[in-house]
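Subject: Structure handover

Hi,

Here is the structure I promised you. Please open it and keep it beside this email as you read.

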Amino acid sequence: MSRPAVLRSLQTIVPPTVLRQDEVRDVFGSQPDLGRLAKRIVSASFNGSGIDTRHTVIEELSLDSETSDPVFFDRRSGALLSPSTKTRNEVFIRDASRLFVDAARTVIDADPEITASDITHVITVSCTGSFAPGPDYAIVRALGIPDSAQRYHFGFMGCYASMPALRAASQFCAADQEAVVLVVSVELCTLHLRSSEDPDTIVASSLFADGAAAAIVTARDLPRSGPGLRLDGFHTAIAPEGEKDMAWTIGDHGFEMILSTAVPQIIGETIIGALRPLYAREDDLSAAFDAGIVGEQVAHWAIHPGGRSILDRVQDRLHLSDAQLHPAREVLRENGNMSSATVFFVLQHILQHGAEPGDRVAAMAFGPGLTAESALLTVEA
């Protein structure tokens with residue numbers, strides 16, 4: 001009988017520049033091209049975001065910075081600038097390359113049983129920039145991972161992309177019990193922030209942030225220095241009525257997020273049907289899910305915090321406790337929405353704060369489509 005894949009090591013990184021939500025709100029709300037309605041939307045979006053701080057690779061966005069030749073933010077005039085998509089992507093190439101390598105190195109160094117030479121597969125994830133040869137290549141070359149390692153990049157999928165990356169890692173391990181898969185997500189969402197009167201753009205500007213995460217997945221029977229997560233199963237669902245409410249396109253002045261206010265309602269209306277097939281695979285969970293008490297069977301919930309209202313709707317529909325949503329809300333409060341990397345931050349919080357061997361963990365992330373990716377996991381000692 002084959003051994004199940006286990007996420008055995010997980011590390012996260014945020015850039016050093018901190019954005020305080022109230023200060024960013026005041027900058028966006030003071031732009032001269034905004035009308036009174038847009039200013040009210042800025043105030044409501046930032047104040048109601050559930051976010052205190054975010055992180056960015058763009059040092060000049062900090063009110064403490066001194067930049068003689070600003071590209072994104074002119075601190076002296078208070079004006080948000082509008083660099084081209086090419087300029088934004090050049091920053092992505094420079095800073096994301098470093099973060100991909102740093103995150104990969106950190107997760108390997110944190111696992112005493114794994115070395116770079118053990119890595120057989122590299123999966124990289126990002127939707128906020130692109131270059132070739134890509135981050136998968138950069139990681140292999142920088143860390144001395146064998147050239148023969150299979151490399152895959154999951155690009156431009158949005159906030160849910162780390163979930164299919166984990167599913168692919170699980171499948172690689174099922175096909176080869178000696179496989180060791182390195183999964184690295186880096187998202188530099190702040191590269192695409194801009195001033196606008198469009199409500200969707202304002203909401204996106206109030207939420208998105210930069211962050212990186214890396215995980216090692218393998219079925220090898222190796223000692224662990226800390227808890228891991230057995231990858232029990234995955235499921236993908238689509239709510240096509242939300243196709244136009246969450247989307248990610250490329251414009252002349254950065255990538256443009258469509259994130260309408262209808263998204264929480266659509267998630268609330270479709271989440272039961274989206275999740276039922278995942279829980280139907282286990283009789284006890286299926287019965288609990290249909291009875292509306294699945295939260296009593298699944299202790300921990302790693303919900304991608306796409307926004308406070310999304311978490312509110314998920315909690316209400318699944319009858320989850322405040323404690324079960326605390327990890328997602330804390331990650332949102334401290335780091336904002338880091339797109340695909342965010343669910344790793346929530347999983348890390350769960351592992352570091354009270355998860356016990358045998359506890360079940362539900363993970364869920366939403367993205368363009370409207371796509372809902374979900375997974376069931378089990379904490380292992």
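Below are notes on a strand pair, a leucine and a cysteine.

First, the ground rules. This is a predicted model, where local features need pLDDT of at least 70, side-chain atom pairs count only at pLDDT 80 or more, and totals for chains, interfaces and linings use all residues. Residues are numbered from 1 along each chain as its sequence is written, and side-chain values use heavy atoms, with hydrogens and water left out.

Start with strand β2, residues 17-20. (Strands are DSSP runs of E, at least two residues; helices are runs of H or I, at least four; both are numbered from the N terminus.) Thr-17 and Leu-19 point to one face and are buried. Buried means under 20% relative accessible area, exposed over 50%, and partly exposed in between, with a 1.4 Å probe and protein chains only.

β2 pairs with β3 (residues 53-56) in the antiparallel sense, over four bridges. Pairing takes at least two DSSP bridges between the strands. Arg-20 has Thr-53 in β3 as its bridge partner.

Next, Leu-376. It lies in strand β15, residues 371-380. Leu-376 is buried, at 2% relative accessible area. Its contacts (heavy atoms within 4.5 Å) beyond four places in sequence include Leu-231, Tyr-279 and Val-298.

Last, Cys-159. UniProt lists Cys-159 under "active site" in an unreviewed entry; such annotations may be inferred rather than shown by experiment. Cys-159 lies in the loop between β7 (150-155) and α5 (162-175). Cys-159 counts as buried because its relative accessibility is 9%. Among the residues Cys-159 touches, beyond four places in sequence, are His-304 and Asn-337.

Best wishes
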